[in-house]
Structure formats: C-alpha cells, structure tokens
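Dear colleague,

Please find the structure below for your review. My findings follow it.

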Amino acid sequence: RVDIPVTRGSRAAIELSPDAPTGTVVLVPGFTGSKEDFVAALQPLARRGWRVIAFDQLGQWQSPGPDAPEAYALELLGADARDIVVWAGQSGPVHLVGHSLGGVVARSAILDAGADVASVTLLCSGPGALP
C-alpha cells in the first residue's frame with residue numbers, strides 16, 4: 001500500500017512491481033469500486049513482468065473526500081488520474097486501464113488533463129455518464 005501525491009492531496013494505492021518491470025499499468029476503478037476491485041489481476045500481471053498500480057479515486061475506500069459534489073467533477077478526477085500517471089511514469093511509459101466510470105475518468109485524464117500514456121483501455125465504459 002502506498003499513498004500517491006496528487007494536486008488535491010494524495011490517493012491510496014496498491015503497487016506491485018517485479019525487479020525489472022516490462023512497463024507500468026495504472027488501474028482506475030469505477031464509481032462504486034476501489035483499488036481492491038483489481039486484486040485478482042494484480043499478482044498475475046506482476047508475475048508477467050508488469051509494475052501494477054491500482055488506486056482509490058477521491059471518496060473511495062482509503063482516499064476520503066469532501067461532501068461537496070463539485071469536488072467530484074469529471075475534469076478534477078481526470079486531473080487526479082493524470083497526476084498518478086505522471087508519478088507512475090517516472091520509470092517509463094504507462095498503460096492506463098479504466099473500469100466503468102474509471103474509463104470515463106481515464107478518458108478525461110488524457111483529453112482534458114493531458115496525461116501522456118502509452119495506451120488506454122476502457123473496460124466496460126460508456127461514452128459518458130448515465131442519464
């Protein structure tokens with residue numbers, strides 16, 4: 001477990017890394033999730049040579065957030081994800097994977113916040129919020 005600094009504080013994360021990683025994968029959970037949603041994938045990816053980071057978004061499990069709805073604007077969540085990509089990318093390119101709302105946040109991290117990633121995967125993510 002690590003705490004990753006972002007512009008708006010820090011986010012709790014799980015990080016697994018082999019001795020000589022192939023690259024880095026950052027996993028973004030969905031609306032009702034947390035970093036623990038990816039527990040089953042962390043060790044298999046690390047065993048295959050990947051440095052893997054799964055984090056709690058603002059207001060999830062070990063990354064508490066305020067009651068103010070405006071703190072959870074998509075662009076702000078995207079900026080948080082961008083900050084995590086920057087932190088993770090100190091050792092090379094980052095592959096960003098977002099599940100559900102996490103995919104929409106990953107999209108915002110790239111399009112709105114300018115995250116520089118090697119690839120992005122949107123897992124079970126639609127084009128935007130549900131009506």
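**Pocket and sheet**

The largest pocket holds about 200 Å³ of space. A pocket here is an open set of points on a 1 Å grid over the protein atoms alone, where a 1.4 Å probe fits, with protein on both sides within 12 Å along at least five of seven lines; its volume is the space filled by probe spheres set on the points, which are joined across faces, edges and corners.

This is a predicted model, in which local features need pLDDT of at least 70 and side-chain atom pairs pLDDT 80 or more, while totals for chains, interfaces and linings use all residues. Residues are numbered from 1 along each chain as its sequence is written, and side-chain values use heavy atoms, without hydrogens and water.

Lining residues (an atom within 4 Å of a point) of the largest pocket include Gly 30, Phe 31, Gln 57, Tyr 72 and Leu 101. By class, the lining comprises 6 nonpolar, 3 polar and no charged residues, with Tyr counted as nonpolar and Gly as polar.

Strands are DSSP runs of E, at least two residues long, and helices runs of H or I, at least four; two strands pair if DSSP finds at least two bridges between them.

β1 pairs with β2 (residues 9-16) in the antiparallel sense over 5 bridges; Val 2 has Ala 13 in β2 as its bridge partner.

Yours sincerely
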